Amino acid sequence: MTESSFTGVKQPEFDTMTSKHTQTAGRLEQLAQTLYGELQRAGLDTSPALRLRDLAGRVDKQAADLRRRQALVRELEREKISFGTSRPEGSFMRMPDGLDAAQGLLDGSLAAGAALLAAGGDDKALARLQKYAGRGKDPEFAKVLLAKLGAKGVTQLPGTLAAQLNEARNRGDTARLERLSAQGRQVLRMLGDALAQGTDPKNPAYAGDGFLKQLAEQGRTEHTVGDVKYAGYQAQALLWRANDGKPPLSARFMELVGGDAVAYEKEQYEGRWAASKDVLGQAVVNGRQVPLFDLAAALSLGPLLNVGAGAVKKNGKPSNTTVVEDLLHAAGSGKESSQALLAHTPAGWKQSVLTHLLTTRLDAFRYTGAHESFTNVLLNATTGQDATSRKLAAELTKVLADEVRGAFGKADDGNLEITDRAALARLDPLRYPLARAMAANIDQLSNVLLNHGTFGKADATDMSYALALATRDDRGFEALLRAQTEHMKAALDSMPPVGLDASNLKALGFTAADLKRFDFDEDGRIGKADVKQFLVDNIVAEARPFSHMVEIHRQTLIAEGLDDKKASEAVKNMVRETIGLVPFPGAKQVGTLAEGAFGELITSQYDKISGAAYDAISNQAAQLVSDKGLSLDETYQTLADDRVGINRLAEQMIATAMLNKGLLNDVDLKGQIFATGTPPKLIPFTNMSPAEYEKFLTWVRENGGSNDLIDRFNGTFRITSEVDDYLNLRIPPPSAGG
């Protein structure tokens, strides 16, 4: 708190001013009443009396404010929190300008004093501290509390609470145990809230980088309370677990403290982690990688002291919470915090925290069975459309591809087989976040497969092994397919419509460069032949990523000994929902038939997500279909396998593109059951029956020329030779039915 944020108040002059204001307000009110009565009796204008009453009200408010300040001044003086300043003109009491700041100074100081005593084991002080349980989110309170408590006090308070609970339990003192647990949990939540504010540079309570560095120093320091010894990070972790994310621990905290806590665990445990894998380690700890537990878990206190998610497992038993998992819990409350932690490279390291967690530390997650916090942080950090998200997603893809590569091989029949089930099981909890990261970066995946590019350091072979892991997860496989569906929609939508020429460029939202680029026959106008050529080129390109995903997923089913000859629920859902029918957000419905057909499917809210990640768009499209109650395509009931299902999705998308681009405008609708009116136009898809929708697709195939486009998609989609090459397989040709 800077000197300029204080005002000096001189006593007893301040008391006199407060008293005079109060008296003046009362006299003005009395005068206003008297004047009003006199004017009213005389039949004169009473507005002067009303203005006087307003003045009295303002003076009364000022007097009330001064009385509150007077009470705070006296309390600050009584508690010796704010000291007088001697100046030539007299002695002054330093007073914050704002009442909230003054109250924060008072309460924060009193709470800090109680906290310091409680950290020394004073039960009565802990009870006093409990009174401030709801103040942790107040910046003024938090700033003063942390300044007076210091990094050492912040670390020692949870340590003392844990030691006291441990002692009460060991002595069988149930009453004290219950009291300390209730008080301690509230105090930890309050202190966790204050810590989140005081370590965020954007928050007015920010205590500075120096405080953060002191937290790291205290985290590495060994502390002792009675017969309990603990590392500072084990105690601080209880505060991280108590954080509810409102606000979250900041990115700066993750860089200066969080990253150091991860490094500290590695320094302390790397030797024993390596030893756990040798013969003796296998015998003693069964090869398990024991992590650095937080103080609640180290003392087997479980939910007696732990606050927040993860304090109790589903079976009701105490959770073995660790320092790193508590940290990930806190980081998972915000994207910036998640990214700052994972992208950080501790001093002296050659790898990021992300790579360390995915490799060296991964088995420690298996020891506690708590992957949820790590998964949440991965989803936060890798599924955005910013540069950091892409960088971390690329790193995640490359690292997991390298890790999973040895788990797969080629079976005698040429298909994929699992050669190391233990290695695969170790990585299985990461399947879904990997799939989501790849889905959010479907552009990069397509570029790698189509143009032999790279995604970070990941090439096409890496991408293929990563897909072998990611598509083993049903939700992950669906996320990838939905993202690629939106990618294909976007590609088909980028073509100008039939009839575009120099006269209507601006009206339709295109440029002269667009006209020149897409006018394949160079006649100065976009015709049907131009649009069809564009669709062919893009349909073939989009079929290849689909082929890669579906074939690798099929190979993982074969490797598991599962049925690869039936359609997955993911593909069935997408076909049933007619997900390919929903246009890409922001698409211009320039075809005259499209205007009525898509009507209620398109909403302003849906169009606003144009430019979002394809996996996010796919979720919105699915929600839109669900909201409209669509279930038009009944072929999902008889799909032979995923290949047939994806082919059907492609047909839906091709029909949508042809409608949008005006390829069907001149085709006769007369007598069709899916048309109405004179002249006939399409019934909105939201009003079609499954039978009418099926007739519509047949009409498009027979009259609009979509058969050739569907065949071109299917011809490319069925080619699996690239999967053979990248995974070193010899995939047998598909049967006639598949």
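The following legends describe close-up views of a predicted model.

**View A. Helix pair α13 and α17.** Helix α13 (residues 335-343) and helix α17 (residues 387-404) have axes that come within 11 Å and cross at roughly 45°. The arrangement of α13 relative to α17 is therefore oblique. The crossing of these two helices is left-handed. On α13, the contact involves Lys335, Gln339, Leu342 and Ala343, and on α17 it involves Thr388, Ser389 and Leu392. Sorted by class, the contact of α13 with α17 comprises three nonpolar, three polar and one charged residues.

**View B. Aromatic pair Phe674 and Trp699.** The whole structure contains 18 aromatic pairs. In the pair of Phe674 and Trp699, the ring centres are 5.5 Å apart and the planes stand at 55°, so the pair is tilted. Phe674 belongs to the loop between α30 (642-660) and β8 (675-676), whereas Trp699 belongs to helix α31 (residues 690-703); the two residues are 25 residues apart and link distant parts of the chain. Phe674 is buried, at a relative accessible area of 0%, and Trp699 is buried at 3%.

**View C. Aromatic pair Phe685 and Phe696.** Because the planes of Phe685 and Phe696 lie at 70°, with ring centres 5.3 Å apart, the pair is edge-to-face. Phe685 is in the loop between β9 (681-682) and α31, and Phe696 is in helix α31, so the pair ties together parts 11 residues apart in sequence. Phe685 is buried, with a relative accessible area of 0%; Phe696, at 1% relative accessibility, also counts as buried.

**View D. Aromatic cluster.** One aromatic cluster is formed by Phe598, Phe674, Phe685, Tyr693, Phe696 and Trp699.

Note on methods
Residues are numbered from 1 along each chain as its sequence is written. This is a predicted model: local features need pLDDT of at least 70, side-chain atom pairs count only at pLDDT 80 or more; totals for chains, interfaces and linings use all residues. Side-chain values use heavy atoms; hydrogens and water are left out. Axes are lines fitted to C-alpha atoms, for helices over the stretch in contact, and angles run from 0 to 180 degrees between N-to-C directions. Helices (H or I, at least four residues) and strands (E, at least two) are DSSP runs, numbered from the N terminus. Angles under 35 degrees count as roughly parallel, over 145 as roughly antiparallel, 65 to 115 as roughly perpendicular and the rest as oblique. A crossing is left-handed if the near helix is turned anticlockwise from the far one by less than a right angle, and right-handed if clockwise. Contact means heavy atoms within 4.5 Å. Ala, Val, Leu, Ile, Met, Phe, Trp, Tyr, Cys and Pro count as nonpolar, Asp, Glu, Lys and Arg as charged, and the others, Gly among them, as polar. Rings of Phe, Tyr and Trp (its six-membered ring) pair if their centres lie within 6.5 Å; planes under 30 degrees apart count as stacked, over 60 as edge-to-face and the rest as tilted. Buried means under 20% relative accessible area, exposed over 50%, partly exposed in between (1.4 Å probe, protein chains only).
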